[in-house]
Amino acid sequence: LRRVLPTISGYSKDRTPVSFAPSLDLSPFLERFRKPGSEQDADAMIGEERDRKQEHGRHGRRAVYSLLAVVVHMGDAYGGHYVCYCRVADARWLLYNDDSVREASLVEVLRAEPYLLFYQCKSQ
């Protein structure tokens, strides 16, 4: 995410709220809707073939990702501090802040002002 913007007097931090989900399904955006070598798109496909391709991603898979980590920058465009929320194996969220680690809720994670978002593919 681009959070530092040039201004006339230097730089400023963009604090525009960014909403993000704990899960992303990118299947509808894959190139499976186009036939190789043609400009035919999903609207031109008919009936069962289109429905099958919408139900499954390329090669019969869906492109579903789950949120793995959120890096947050606290401060302004000229300095600050980074912390990171990470999802651990048992689906708990932890907040790492230098030498401090504490448990966090998913609600807290989703309310954070993200600098970087990391997603992990969960579909096979």
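Reply: Let's settle one term before anything else: a residue is buried under 20% relative accessible area, exposed over 50%, and partly exposed in between, using a 1.4 Å probe and protein chains only. By that scale C121, with a relative accessible area of 38%, is partly exposed.

A word on what you're looking at: this is a predicted model, where local features need pLDDT of at least 70, side-chain atom pairs count only at pLDDT 80 or more, and totals for chains, interfaces and linings use all residues. Residues are numbered from 1 along each chain as its sequence is written, and side-chain values use heavy atoms, with hydrogens and water left out.

Now the cavity. Rolling a probe the size of a water molecule over the atoms shows where empty space is left. Here a cavity is a set of points, on a 1 Å grid over the protein atoms alone, where a 1.4 Å probe fits but cannot get out. Searching the whole structure turns up 1 cavity of 30 Å³ or more. The largest cavity holds about 30 Å³ of space, a volume being the space filled by probe spheres set on the grid points, which are joined across faces, edges and corners. Its lining, meaning residues with an atom within 4 Å of a point, is made up of R3, K13, H73, E113, P114 and Y115. Sorted by type, that lining has 3 charged, 2 nonpolar and 1 polar. For the sorting, Asp, Glu, Lys and Arg are charged, Ala, Val, Leu, Ile, Met, Phe, Trp, Tyr, Cys and Pro are nonpolar, and the others, Gly among them, are polar.

Leaving aside neighbours within four places in sequence, G80 is in contact (heavy atoms within 4.5 Å) with H73, M74 and G75. G80 sits in strand β5, residues 79–87, and counts as exposed at 57% relative accessibility.

Stepping back, the chain has 2 helices and 8 strands, in the order β-β-β-α-β-β-β-β-α-β from the N terminus. These are DSSP runs, helices being H or I with at least four residues and strands E with at least two. Of its 124 residues, 27% count as buried.

S27 is a buried one, at 0% relative accessible area, in the loop between β3 (23–25) and α1 (47–55). A polar contact is a pair of N or O atoms within 3.5 Å; within protein, one must be able to donate a hydrogen and the other to accept it, and residues adjacent in sequence count only if both atoms are side-chain atoms. The side chain of S27 makes one of 2.8 Å with the side chain of D25, and a polar atom of the S27 side chain also lies 2.8 Å from the backbone nitrogen of A63.

A91, between β5 and β6 (93–97), is exposed at 54%, with a positive phi near 70° though not a glycine. D98, between β6 and β7 (100–104), is exposed at 66%, and its phi is positive too, about 55°.

Last, the cysteines. There are 0 disulfides, a disulfide being a pair of cysteine sulfur atoms within 2.5 Å. For C86, the closest cysteine sulfur is in C84, at 3.4 Å, so that pair is too far apart for a bond.

Methods
1 Å grid on protein atoms, 1.4 Å probe; cavity = no way out; pocket = protein on both sides within 12 Å on 5 of 7 lines; lining within 4 Å.
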